[in-house]
Amino acid sequence: MALGGDSFDIKTWLHREALALGFYRVGFATCEPFTSEQVRRTEWLTAGGRELFPYLDRADSLEPEYWLAGVRTALVGFFPYARPEAIPGAAPGSLKLSRYLWGPDYHTIMKGRMKMLLERAQEHLPNLKGRVCVDTAPILERQFAVRAGLGWQGKHTLLITGKGGSWGFLGVLLLDIELEPDQPFQGNRCGACTACLDACPSGALSPFRLDPNFCLSTFNLETEQEPPPIVTRMMAATGWVAGCDLCQDVCPWNRSPAWGDPALWGGPSPLHTSPAADLPCGTAQWQKRTRGTALRRVRHRHWIATLKRVMGESGGVSHISLD
Ligand code: SF4
Ligand code: SF4
């Protein structure tokens, strides 16, 4: 879509509105195909990604045009979620659930806000077409974020926004309007640091690569496949029952990160702060406790299998009936 002689500065307006909606950092990227990612992606799929994440095995992930006909610009936003008081495992006797799972389902919140942004923009530009992507299309969000200048992919492969850290979700709004792109982020600021690589309990990380076959999060959130023995052992040893924050916990860029808005994320969740012995085990309890959260996508039987792996080996809560 061409802007014509309209003097309305849509880019400045979008930037300002997105910040007002809770994004910590916002940038604009071009939408040419991510051809330079082809080799790396094929390697990742061949090395196990295809079996573990079959929904990501799509050639059109590299082609923004596939997700919105006539796409010209991607607005990319970093939406912080961490709160100082949300420390996994800090409550006495509790197991660990990733920080990003503590609040209401981020898909719902972010999608709603980005749709609102699009609709408001369309009030100014009625012919504008857009598509909101918040884990709803297998586009390359991190690569888009780098291209939009938001930060770099750290050695743990997650996006780091410099002083804002890495505790955040990425949202992409594809637009069929040509806007001045921001300068892509060049290089990385990891330097000689290897803290994330050293902290990974199961050896899933090598510099700028994550082997999904050995990541705890793969097996306690994404797939019900049987994990390799080292992953099972490390789940039990570390107590991570949903996700794993270890590689981000140790990152120096997360020492004073951008915090999520407490009003947005609600108060402490009983699921995350309850002693392990009080975690929901029955189907009805699980359904009730996970309603409206991102954990809802984990099936009850998967949750139980993880609890068995974690608690069965640690033995501390073996008195709980898990059936
Ligand atoms: S999330 Fe945990 S298991 Fe996965 S790469 Fe990071 S530290 Fe390793
Ligand atoms: S822990 Fe160090 S190496 Fe890993 S992402 Fe952070 S700065 Fe980079």
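Domain bounds here come from an automatic or database domain assignment. For this chain, that assignment gives domain 1 (10-87 + 100-175) and domain 2 (195-314). Please keep in mind that this is a predicted model.

**Overall fold**
- The chain has 13 helices and ten strands as its secondary structure.
- Its radius of gyration is 20 Å, close to the 20 Å that the globule rule gives for 323 residues, so the chain is as compact as a globular protein of that length.
- Taken along the principal axes, the box filled by the C-alpha atoms is roughly 70 × 40 × 35 Å.
- Buried residues make up 41% of the 323 in the chain.
- If you look at contacts between residues at least 6 apart in sequence, 78% of them join residues at least 24 apart.

- The contact between them involves 34 residues of domain 1 and 37 residues of domain 2.
- On the side of domain 1 that touches domain 2, helix H2 (38-52) and helix H4 (106-124) are the elements that give two or more residues.
- H2 provides the largest share of that side, with four residues.
- By class, the residues on this side of domain 1 are 17 nonpolar, 14 polar and three charged.

**A closer look at valine 241**
- You will find valine 241 in strand E10 (residues 240-242).
- Is valine 241 buried or exposed? Valine 241 is buried, because 26 other C-beta atoms lie within 10 Å, and the cut-off for a buried residue is 20 or more.
- Leaving out residues up to four places away in sequence, valine 241 touches Leu95, Lys96, Leu97, Asn220, Thr306, Leu307 and Val310.
- Lysine 308 is 67 residues from valine 241 along the chain, and the C-alpha atoms of the two are separated by 9.8 Å.

Conventions
Residues are numbered from 1 along each chain as its sequence is written. Chains are lettered from A and ligands numbered from 1 in the order in which they are written. This is a predicted model: local features need pLDDT of at least 70, side-chain atom pairs count only at pLDDT 80 or more; totals for chains, interfaces and linings use all residues. The radius of gyration is taken over C-alpha atoms; the globule rule is 2.2 Å times the number of residues to the power 0.38. A residue is buried if 20 or more other C-beta atoms lie within 10 Å of its own, exposed if 12 or fewer, and partly exposed in between; C-beta atoms are placed from the backbone. Two residues are in contact if their C-beta atoms, placed from the backbone, lie within 7 Å. Ala, Val, Leu, Ile, Met, Phe, Trp, Tyr, Cys and Pro count as nonpolar, Asp, Glu, Lys and Arg as charged, and the others, Gly among them, as polar.
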